[in-house]
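Take the model below one region at a time. Keep the sequence beside it as you read.

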Amino acid sequence: MAQTFSTLRGLILGLALILGAAIASPAMAQSGFNPTQRAVNEDQLMKALKPDGTISGRVTIPNQSAGTLIQPEGKEWRDYRRETLPRIGAIAILGMLVVLCLFYAIRGKVRVAAGMSGKTIVRFNGFERFTHWLTASSFVILGLSGLNVTFGRSLLLPLLGHQTFTPFSAFLKFLHNYIGFAFMVGIVLMFVMWVRENIPNGTDVTWVKEGGGILSKDKHPAAGKFNGGQKILFWAVIVGGVLLSLSGLHLLFPNRVDGGVIEIQFQSEIHGIVAMLMIAMILAHIYIGTLGMEGAFDAMGTGSVDLNWAKEHHSLWVDEVQKGGHGLPAAAKVAPAE
Ligand code: HEM
């Protein structure tokens, strides 16, 4: 008897399920529900709830922005993080690498046309080199750790797996947060130290018009301590460095930002885009200081460069130094190479 009841119960339950499904499906079709159109419905939902598209409630804690559940700018920011920024980064950085490879293949290394003289001239003192390497090394660490924020999930995670990628990224993020301050100090020192010598003048306009003589094998336009190209780089590094520092500070201390989450999203966009452009630009600077030009690295390596190199690339500066300018007597600045 008990078994008959249980069979009957099973049958009734089955029948109810079939009936329920039959009623539900036309109802669903009528409501226009289409599971593949989730994004459209999400959008409609947001618009329906508030004219500005936000979904928010009330909170009793001091942080009122915590009451906002959904804000449409968040979607735009997510698109920027997932698509726009990686695209800008890939185009700027890979594009620059391609240009540099082509340039090296076509032009080759820029040689000292008159050959090495065997005499050197002091170009940068110890403090100048310290400031350069402080800024440069912190920039490289910030660049690599920042690129991991943008590209790590898609490029490194599949290679390393979660167990390695997670602590690796946490460590890089920690480095990024702290090394940022060394970079800021470097930018301030660099500005104070070199601003006077980087004020543009007529010589730089001619230098730029002649493309720095980079395509010519033996003729280079006249230049002072810094040529037109180096002055452009200097100002780009100062402006870019200030933008990265200010936006980086906003990202580091989001609770102190007045404009709330929208302001933080804006600062994050500035930070990411400026970073990608600066990384591409600094790749060109690294190229010309190492592979691209004979004798250039010594300026920041030992601090002294070959006299012929200096005469070809910074003729006006050599004249000034030999007249006893730039703070030291000429004899102290020109020496036989070791
Ligand atoms: C100057 C001081 C700097 C500070 C305080 C700083 C701070 C930050 C912070 C807090 C983040 C957010 C990381 C996250 O989303 O978890 C970030 C991201 C990032 N930073 Fe910096 N940063 C600084 C300089 C730099 C420099 C010089 C570069 C480039 C060489 C750089 C490149 C990046 C990149 C590429 C990202 C990832 C952007 C993204 O994917 O949205 N940062 N930075």
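Which residues does His313 touch, not counting residues up to four places away in sequence? His313 touches Val110, His220, Ala223 and Met293, where contact means heavy atoms within 4.5 Å. His313 lies in helix α11. Its relative accessible area is 7%, so His313 is buried. Buried means under 20% relative accessible area, exposed over 50%, and partly exposed in between, with a 1.4 Å probe and protein chains only.

A word on the model itself. It is predicted, so local features need pLDDT of at least 70 and side-chain atom pairs count only at pLDDT 80 or more, while totals for chains, interfaces and linings use all residues. Residues are numbered from 1 along each chain as its sequence is written, and side-chain values use heavy atoms, with hydrogens and water left out.

Now the overall fold. The chain has 13 helices and five strands. Helices (H or I, at least four residues) and strands (E, at least two) are DSSP runs, numbered from the N terminus. Of the 338 residues in the chain, 33% are buried. Among contacts with a separation of 6 or more, 74% come from residues 24 or more positions apart.

Next, the core. The largest nonpolar core has 40 residues. Such a core is a set of buried Ala, Val, Leu, Ile, Met, Phe, Trp, Tyr and Cys residues joined through side-chain atoms within 4.5 Å. Ile121, Trp194, Val237, Trp309 and Ala310 have the most contacts inside the largest one. Several helices supply at least two residues each, including α3 (72-107), α4 (126-155), α6 (162-194) and α8 (228-252). Helix α9 gives the most, with six residues. Look also at Trp194. It touches Phe124, Glu128, His132, Phe226, Phe234 and Met300, leaving aside residues up to four places away in sequence.

Move to the metal. His176 (NE2) and His271 (NE2) coordinate the iron atom of the ligand at 2.0 Å. The pair links distant parts of the chain: His176 sits in helix α6 and His271 in helix α9, 95 residues apart. Donors are N, O and S atoms within 2.8 Å of the metal (3.2 Å for Na, K and Ca); water is not among the atoms, so sites may look incomplete. The iron site has six donor atoms, with angles of 83 to 180° among them, and is octahedral. Six donors count as octahedral if opposite donors are over 155 degrees apart and all others between 65 and 115. Ideal octahedral angles are 90 or 180 degrees. His271 counts as buried because its relative accessibility is 17%.

Around the ligand there are 24 residues, and Arg81, Thr150, Lys173, His176 and His271 come nearest. A residue is near if one of its heavy atoms lies within 4 Å. A polar side-chain atom of Arg81 is 3.2 Å from an oxygen atom of the ligand. For Thr150, a side-chain N or O atom lies 2.7 Å from a ligand oxygen.

Return to helix α9. Gln267 is found there. At 9% relative accessibility, Gln267 is buried, and it touches Ser247 and His250, again not counting residues up to four places away in sequence. Ala275 also lies in helix α9. Its relative accessibility is 18%, so Ala275 counts as buried. The C-alpha atoms of Ala275 and Leu244 are separated by 7.0 Å, although the two are 31 residues apart along the chain.

Notes
Four donors count as tetrahedral if all angles lie between 85 and 135 degrees; four count as square planar and six as octahedral if opposite donors are over 155 degrees apart and all others between 65 and 115; anything else is irregular. A polar contact is a pair of N or O atoms within 3.5 Å; within protein, one must be able to donate a hydrogen and the other to accept it, and residues adjacent in sequence count only if both atoms are side-chain atoms.
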